[in-house]
Amino acid sequence: MPGAGLSYAHPESFDGTQNYLFRNDGGRFSDVSAEAGIQVSDLATGKPLGKALAVTFVDFDRDGWLDVFVANDTVPHFLFRNRGNGTFEEVAKERGCAVNAEGVTTSGMSADAAWIRNDDALAIAVGNFAEERTSFFLSANDGEQVFFTDQSISVGIGGPTRDMLTWGLLFDDFDLDGRVDVAQANGHLEETIHLVQPNQTYAQRGQLFWNTGLEGPQTFVQLPAADTGDLAKPIVGRALASADIDGDGDLDLAVSGVGGSPMLLRNDQESRHHWLRVRLIGPAGNPHGVGATVELRAGGVTQRRTVMPTRSYLAQTEPIVTFGLGSALQIEDLTVIWPDGSQQTVTVEGVDRVVTVRKDIQTFAVLANIGKAQLENGDDYQKAANTLERALELKPDSIATRRNLARARFLGNQYPQALDELRRLEADSRTPSAANAYLMGLVAGRLADKQELP
Ligand SMILES: [Ca+2]
Ligand SMILES: [Ca+2]
Ligand SMILES: [Ca+2]
């Protein structure tokens, strides 16, 4: 480095390397990298193209198959779309997340993905070198397919991240207001960088961007250093990970630094916002449910998270997902979409707690009993009908459960639907049932009163 001695060589001085994918064959791993299509080579030279520093996994097109985003240093990023048959196709260029808004490759160090507006817009953020903004690829769907544009500047991230050399980067809802925020760990590569670039320092402060919920340049606002506590202490930041280390519901941070102790940063936010943390217990071979998507509806808003510890840079986050609820005191709906495609909706009572969702809880017997209890409890017949319908999806010929569903429809004043269920019971049963006939008579009476008998 002129004027400052030895320096790291630029990545362009080196050849790339390949990505690897190892398939878990029940405790043994097979290298399936080549046939899966996640290795990318220069067509002319045959040399590997990738210079990867970070990988994250998200189902960007929401087809039920987890896709792979790889942040590369000085060469275009990769987005491997999962074809659902054990192979991937690399689509970063055509989907708009290979290079930044200026069409230029960046020194990608980290990657994370999140639904930042609680709608279908997915953001993939990439932490970059000094003098490069953090890239912020935001998705849109043109009706045919999902594509991204780098909106780093227009969402408010670009300006304040330009001078920083960013490694760790995380999307998490740090103030539990129901919107995902952004944290960054920063630090330069060169100890004496200030000698040749006076605006740069080796140690740099961490950054926190608050998601305001507004669209446009104010979507993310950088919190002043004075409001972020020890996160603003300049260190040579590298890895950044989050977890609720003190069990109070908000996400705390761990930051590693070169030549110093790591920092464990307790989140002392005082928002009084409510929260729900969801821990999955998956099937054998996937005990934490990694790759599952959790959707939570509260206060009329649906939030979505992927259970994915592999985020940021050289770090693992906890496999529990944290939802901020703002002032909402009730969960309307919690649905887990497991990696095998099965969906599981669970009832959550109360907030400010950790709930555990076990994959195999949704047996027919469990759902049928829950639905029956909800029916007898009598305060929400629609909820009882939904549970009983899910039970019947697993065992359509259960006469007792279908009769309970008919009763839930009847008591919920859904007479035509009740009649449908009773007719189906009649068709399925070999022997006429007195209980069925009695209920049918009641339903027909109500429908006649309302002149709705079909
Ligand atoms: Ca997908
Ligand atoms: Ca937030
Ligand atoms: Ca905490």
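1. Let's start with a sheet. Strands β3, β4, β5 and β6 form an open sheet of 4 strands in that order, with antiparallel pairing. Two strands count as paired if DSSP finds at least two bridges between them. At the edges are β3 (52-58) and β6 (88-90), each of which pairs on one side only. From one strand to the next, the twist averages 20°. As background, strands of a sheet pair through backbone hydrogen bonds, either parallel or antiparallel.

2. Before going on, please keep in mind that this is a predicted model, in which local features need pLDDT of at least 70 and side-chain atom pairs count only at pLDDT 80 or more, while totals for chains, interfaces and linings use all residues. Residues are numbered from 1 along each chain as its sequence is written, and chains are lettered from A and ligands numbered from 1 in the order in which they are written.

3. How many bridges join β5 and β6? The two strands pair in the antiparallel sense over 3 bridges. For an example you can find on screen, Asn 82 has Phe 88 in β6 as its bridge partner.

4. Thr 74 lies between β4 (67-72) and β5 (78-82), in the loop that links them. Its phi is near 70°, a positive value in a residue other than glycine. In general, most residues other than glycine have a negative phi.

5. Leu 314 has a positive phi of about 50° although it is not a glycine. With 15 other C-beta atoms within 10 Å, Leu 314 is partly exposed.

6. Next comes a glycine in a loop. Gly 213 is found between β13 (207-211) and β14 (220-222). Gly 213 has 13 other C-beta atoms within 10 Å, so it is partly exposed.

7. The order is β15-β16-β17, and the pairing is antiparallel. Its edge strands are β15 (237-243) and β17 (263-265), each pairing on one side only. The twist averages 20° from one strand to the next. Between β15 and β16 (residues 252-257), which run antiparallel, there are 5 bridges. Ala 241 stands opposite Ala 254 in β16.

8. Let's turn to the helices. The axes of α5 (residues 364-377) and α6 (residues 381-394) come within 8 Å and cross at roughly 160°. Because of that angle, α5 is roughly antiparallel to α6. Axes are lines fitted to C-alpha atoms, for helices over the stretch in contact, and angles run from 0 to 180 degrees between N-to-C directions. Angles over 145 degrees count as roughly antiparallel, under 35 as roughly parallel, 65 to 115 as roughly perpendicular and the rest as oblique. The contact of α5 with α6 has 9 nonpolar, 3 polar and 2 charged residues. Ala, Val, Leu, Ile, Met, Phe, Trp, Tyr, Cys and Pro count as nonpolar, Asp, Glu, Lys and Arg as charged, and the others, Gly among them, as polar.

9. Helix α6 also packs against α7 (residues 399-411), at an angle of about 155° and with the axes 9 Å apart. That angle is why α6 is roughly antiparallel to α7. Residues making the contact include Leu 388 and Leu 392 of α6 and Leu 405 and Ala 408 of α7. Contact here means C-beta atoms, placed from the backbone, within 7 Å.

10. Finally, the whole chain. The secondary structure comes to 9 helices and 24 strands. Of the 454 residues, 42% count as buried. The C-alpha trace spans about 95 × 55 × 40 Å along its principal axes.

Notes
Buried ≥ 20, exposed ≤ 12 C-beta atoms within 10 Å, placed from the backbone. Contact = placed C-beta atoms within 7 Å.
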